[in-house]
Structure formats: structure tokens, C-alpha cells
Amino acid sequence: MTAESVQEPRSAVQCTAAPSAVLDGPVSHAISRVSRLHRIAAGRVLRDLGLHPGQEFLMMHLWDNGAVRQSELIRAVGLDPSTVTKMLQRLEHSGHVRRRPDPADRRASLVEATDASHGLLVEVRRAWGELERQTLDGLDATERAELARLLGKVEATLCTEVARGGGECGTASKGPGGC
């Protein structure tokens with residue numbers, strides 16, 4: 001065996017140098033990369049449940065709040081109305097949600113989780129636990145707590161900026177340290 005034939009093992013993820021356009025924003029670039037990878041990992045753990053990333057946030061809101069107007073759900077998850085409508089169509093088709101006219105205002109629709117979807121709640125919790133394990137596998141307890149604290153501060157700052165621009169922070173993202 002020659003020196004040329006011995007190769008370093010390739011890692012599963014090849015990290016490349018940051019593009020020059022992000023040199024003034026290395027943390028933002030890192031957050032963007034981590035967010036993309038986290039969404040891919042979420043898609044994998046949710047796939048077995050028949051869910052696409054983002055649909056679980058709709059379900060979480062409905063499980064926690066009961067029947068809500070579709071317009072409230074759109075505000076809560078902070079997504080485009082057409083995206084939420086498509087998600088609801090898929091969830092309705094799979095039997096997880098139902099929509100009905102709001103008795104207080106027939107022009108509005110109420111959305112609610114079906115009784116059948118409550119079994120999915122346990123599975124979504126399990127999937128999010130697995131996603132958490134995968135995401136934080138290389139961190140010890142102190143690092144995990146520090147990461148959660150720092151991300152909470154970043155989220156609060158961004159939430160303030162979004163609100164200042166006339167937008168809303170979605171309630172689906174509220175959690176420890178959330179805005």
C-alpha cells in the first residue's frame with residue numbers, strides 16, 4: 001500500500017468555506033446552515049408519522065388551544081395563508097383536523113384537531129425528543145443549557161425587530177426564553 005492510496009476517511013458532511021458575501025455575518029450564516037439541517041432532520045423523524053415539517057406546529061397549536069379560527073392559526077404559526085391552507089388540506093385529508101364554519105361568524109372557519117389526532121400527539125412528542133437527541137448529541141448538559149439561553153436571547157432580539165417592522169412573532173415558536 002502506497003502513501004497515495006491511503007486516504008483520509010470522508011466525513012458525512014463536507015464543510016466548505018463561507019462565501020465572501022457572508023464574511024460580515026458568520027453567526028447568521030451558521031444559524032442559516034443549522035436551521036436548514038435541523039429542518040431536514042425534522043422531516044426525517046416526522047415522515048414516519050405522515051407529517052411534513054411545519055404541520056406539527058399547526059397540530060401543537062390545535063392540541064393546546066382547541067378549535068380556533070383559521071385566521072388565528074395563520075397568525076399563530078407565522079406562515080403565509082396559502083401555505084397554511086395547503087397544510088390544513090393535507091391534515092384534513094389524513095383525518096387529523098376538521099374545518100367547520102364559525103357559529104359566531106359564518107364567513108370564518110374554525111379548525112380543530114380530531115379525536116383521532118390525539119394519538120399523534122404522543123408520536124409527535126416522541127419525534128421531537130428524538131430530534132432533540134440528534135441535534136444536541138455532541139453537547140453536555142451545561143452546553144445545552146447555555147445554547148438554549150443564548151438562542152432565547154437571539155430569538156427575543158429578532159422578535160423585537162420583527163415587531164418593530166410591523167410583523168408578529170408566531171406563538172408556535174414560544175418556548176423557554178421565547179418572545
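Buried residues make up 26% of the 179 residues in the protein chain. Buried here means under 20% relative accessible area, exposed means over 50%, and partly exposed lies in between, with a 1.4 Å probe and protein chains only. Keep in mind that this is a predicted model: local features need pLDDT of at least 70, side-chain atom pairs count only at pLDDT 80 or more, and totals for chains, interfaces and linings use all residues. Numbering starts from 1 along each chain as its sequence is written, and side-chain values use heavy atoms, with hydrogens and water left out.

Now the fold. The protein chain has six helices and three strands. Both are DSSP runs, numbered from the N terminus: helices are H or I with at least four residues, strands are E with at least two. Along the sequence, the pattern reads α-α-β-α-α-β-β-α-α. Next, contacts, meaning heavy atoms within 4.5 Å. Take those in the protein chain between residues at least 6 apart in sequence: 52% of them join residues at least 24 apart.

On to helix packing. Start with H1 and H5. H1 covers residues 26-47, and H5 covers residues 118-136. H1 and H5 pack at about 140°, with their axes 9 Å apart. The axes are lines fitted to C-alpha atoms, for helices over the stretch in contact, and angles run from 0 to 180 degrees between N-to-C directions. H1 and H5 are therefore oblique to each other. On the cut-offs: under 35 degrees is roughly parallel, over 145 roughly antiparallel, 65 to 115 roughly perpendicular, and the rest oblique. H1 passes H5 in a right-handed crossing. Handedness is right if the near helix is turned clockwise from the far one by less than a right angle, and left if anticlockwise.

Who makes that contact? From H1, it is His-38, Ala-41, Ala-42, Val-45 and Leu-46; from H5, it is Ala-127, Trp-128, Glu-130, Leu-131, Gln-134 and Thr-135. By class, the contact of H1 with H5 has seven nonpolar, three polar and one charged residues. Nonpolar covers Ala, Val, Leu, Ile, Met, Phe, Trp, Tyr, Cys and Pro; charged covers Asp, Glu, Lys and Arg; the others, Gly among them, are polar.

H2 passes H5 in a left-handed crossing. Glu-56, Phe-57, Met-60 and Trp-63 of H2 make the contact with His-118, Leu-120, Leu-121, Val-124 and Trp-128 of H5. The class count for H2 with H5 is seven nonpolar, one polar and one charged residues.

Staying on H2, which of its residues are buried? They are Gln-55, Glu-56, Leu-58, Met-59, His-61, Leu-62 and Trp-63. Just after H2, Gly-66 takes a positive phi of about 75°.

Pro-53 is in the loop between H1 and H2. Pro-53 is buried, with a relative accessible area of 19%. Setting aside residues up to four places away in sequence, Pro-53 touches Arg-39, Ala-42, Gly-43, Leu-46 and Met-87. Its C-alpha is 6.8 Å from that of Arg-39, 14 residues apart along the chain.

Back to H1 for His-29. The side chain of His-29 makes a polar contact with the side chain of Arg-33, at 2.7 Å. A polar contact is a pair of N or O atoms within 3.5 Å; within protein, one must be able to donate a hydrogen and the other to accept it, and residues adjacent in sequence count only if both atoms are side-chain atoms. Leaving aside neighbours within four places in sequence, His-29 is in contact with Ala-18, Pro-19 and Val-22.

Thr-85 is in helix H4, residues 81-93. Buried or partly exposed? Thr-85 is partly exposed, at 26% relative accessible area. Its side chain makes a polar contact with the side chain of Gln-70, at 3.3 Å.

Last one: Thr-114, in the loop between strand E3 (105-113) and H5. At 8% relative accessibility, Thr-114 counts as buried. Its side chain reaches the backbone oxygen of Gly-95 at 2.6 Å.
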